[in-house]
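Good morning, and thank you for coming.

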Amino acid sequence: MNKQKLILVGNGMAGVRTLEELLKLEPEMYEITVFGAEPHPNYNRIMLSPVLAGEKTVDDIVLNSREWYAEHGITLHTGDPVVAIDRKARQVKTASGLSADYDRLLLATGSNPFIIPVSGHDLDGVIGFRDIRDVELMLESARKYKKAVVIGGGLLGLEAANGLKKNGMDVIVVHLMDILMERQLDKPAANLLKASLEESGLEFLMQAQTEAIIGEQRVTGVRFKDGSEIPADLVVMAVGIRPNMELAKEAGLHCERGIVVNDTLQTFDPRVYAVGECVQHRNNCYGLVAPLFDQAKVCANHLAQLGFGRYEGSVTSTKLKVTGIDLFSAGEFNEAEGDETLVLQDPAQGVYKKLVIRDNRIKGAVMYGDTMDGTWYFQLLREGTDISSFRNTILFGQHDLGDAGHGEETRVVKLSDDAEICGCNGVCKGDIVKAITTKGLFTLDEVRAHTKASASCGSCTGMVEALLASTVGEGYAAAPSKKALCSCTERSHDEVRRAIREEGLKSMRGVFDTLGWKTPDGCTSCRPALNYYLLAAWPGEYEDDAQSRFINERAHGNIQKDGTYSVVPRMFGGLCTANDLRAIADVSDKYQVPEMKVTGGQRIDLFGVKKEDLPAMWKDLSAAGFVSGHAYGKALRTVKTCAGKNWCRFGTQDSTGLGVQLEELTWGSWMPHKFKLAVSGCPRNCAEATIKDLGVVCVDSGYELHVGGNGGIKVRITDLLCKVASEAEVLEYTGAFVQLYREEGHYLERTAPWVERVSLGYVKQRIVDDAAGRMELYERFKYSQQFAQVDPWRERAEGAEAHEFTPLSIDRLRAVS
Amino acid sequence: MTDWIAIAKLDEIPKLGARKLKTEQVEIAVFRTGNDEVFALRDRCPHRGGPLSQGIVHGHTVSCPLHNWKIDLHNGQVQGPDEGCVHTYGVKVEEGVVYLSLASVESAA
């Protein structure tokens, strides 16, 4: 079969990124040819400023070497721009006279710097700031000349000015408006920026309108509307960019301010796609990198004929790549009528933060001096998170950014190279930065794969992301607004769950086939997730797939580093009798348990049990009345209790009795992640109920229900859900909460991040306000518990899954042969 | 001299799963993939010695249960960016019976 022909016009970031995404999906589908006007392979255009500033070299910023194109069988023509498209013949022609046929055409022609058409704009020494050639011209000028004028006080202009200054030129920035970077900054932030740039030696002419560039052959000066003149040996025009759409226009494609595309990045000719700075989508043209990557993903999805991706526009954020200046802006940072603003201003420290709030949601952010929380605010903005529960502290930042108790050390950018970032795997800052720069890493996943940093417990993820952002520029760091479940699919957790429900998918194979999984049988990320989703969606119908469970859940014990297992019998509410303890003691003698320990959840853990011994040991424990404690599962773990009013002189309610009832209600249920409960008999809270997934704090007048807490990596204190009057209500609300989490939490998402994602307000509305809905959730939970409360230990003690626990042996093998 | 020795019926190894085989010299993990191919590797991850027979099998790969290293069942190579190699043993399936090459076990010992 002949492959279809795909031609990419424009060898820049957006186009090549689309090819990369496409190769991930369908490496063999197309015969690909790339035409680029520049003589270079694909390089990172947003890093031109650091190249100009001498902080990086051109080689540092090459993204795809010529070898990459060869490796993927892509024909690359550099320095040969496409000059015409014949859509009828489906053919492109280049400046050098080449022609090539296409089945699909991808336009990624980028943009051109806008050159103000004043007289003298075509003199030598008047340039834009767009590509490697411009940078080379600037560096050459810096060697020969002294006086530079940058027209335009926006992002690009300031980066150019900074770079020229670094190369020893005297630089004057000319700006039409009265504030710098007016597209990104409000006045207070812009003034701080101006002051600190002036301190570094830049000069500014504000509200200055250029009338003419003066000079004979080469530029000698700039004249303004008011008649004044300044001398100049080099003029950099950085007043904006214009989508480069000439080629598309001449080919008869519909263009307005850019090449108009739909949500699937197709132009008015469906065989012709366009991505990047050259396009206009829903009336927006983007000049930043993050949206281009979103577009690339969707476009690749369609080129691969998967057809379910939609690009719905991007909210963008900006950082200035000028060393020593921290600045961040996103969204609608100038408040409209009716908006509220939260402002933190500390002139002595040069810190300014402003958030624009509408209906308790962040609409925009401007930060100067301290931008550490920029990515956090940006995430809240994009996800439309209700901030009401933490708005009184939001300006102080996300204190626990990626860690617990590191405090100031989260200012990761300022750390020395030998500072340990990942405590699990012993990875230092220097290792991470080196891997990012030498191996060309862009994403968190890549950094995890190559350095192991953040690959274990994940508590340093925030710091690793910050390093990624500061090392490669903000575009790569921005997490995609929609995360795929794993690399086997493009679909998100929610989309997969919805499909399972709505399309009645009741088997793993059904999910793979219906949703077009890219791998024959999934991976270690999606299989356990799908097994849980199917189990939660179809209680009593779906047959659990043992091979899709992690070993702990398959063997019903926790695997230890030496390959032995640990065994934790369930003790409801932490209560036990002398006979229980004797039985546990006998079992540990009989199976020579090397170590016993009381767990954090008030249970007894028997370590070092050989896998082959597990079923026999469980048989003995079953006989003594124990069931599995599920200490190994993404499941209901334990209900921790305090002494309560039966004994404690402060106790207000029967916390142990209630704990037993709660554990009897909930044991055996599978969850998106582990789930812990606690009941404290009074507000002294000895059972530490306020760091549990659900904690009950008894008070004299009833029971407070607290949700969404956990100890662990990031300690999170619960939020108060509500207060109820009776034990029966505690059970009902708990059952409903557990079921809501089971139905809507993402696999491996604990209740703490889940509550933050969906907002406490939403949980309250479902559990507290909607009484009928709560009852339905509770009923669904009880229904699924019918099938879940079967003791897996007893089943296996009686012979189920025997192959799991019995090794093959060489003796047996001799007997067979 | 017959080199091949029967060790199990194919049905005794779960699809997308493994069985541990204990020999005097070494523990071997015998894997069965989704399309019923069978592979035998030393049951020991080159990273921290995790028992590979307890891992999740997907495609032609097993992920170690301890730290999720991924090992190619065909050749025992650890998949990038981690590095390492696991010893593989000769194995074949005939008429629903899995045979192990004794020579490959003895030569490795």
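**The interface of chain A and chain B**

Across the interface of chain A and chain B, the rule finds two salt bridges, a salt bridge being a side-chain nitrogen of Lys or Arg within 4 Å of a carboxyl oxygen of Asp or Glu. Glu612(A) forms a salt bridge with Lys22(B), where the closest N and O atoms are 2.7 Å apart.

A word on the source: this is a predicted model, in which local features need pLDDT of at least 70 and side-chain atom pairs count only at pLDDT 80 or more, while totals for chains, interfaces and linings use all residues. Residues are numbered from 1 along each chain as its sequence is written, chains are lettered from A in the order in which they are written, and side-chain values use heavy atoms, with hydrogens and water left out.

How many residues are in contact? On chain A there are 35, in contact with 32 of chain B; contact means heavy atoms within 4.5 Å. The area buried between chain A and chain B is about 2700 Å², and carbon and sulfur atoms give 60% of this. Buried area is the accessible area (1.4 Å probe) that two parts lose on being put together, summed over both.

Finally, consider the strands. S37(A) and strand S2 (residues 17-22) of chain B run parallel and are joined by two bridges. Strands here are DSSP runs (E, at least two residues), numbered from the N terminus, and two strands pair if DSSP finds at least two bridges between them. Opposite Leu808(A) stands Leu21(B), in S2(B).

Technical notes: Helices (H or I, at least four residues) and strands (E, at least two) are DSSP runs, numbered from the N terminus.
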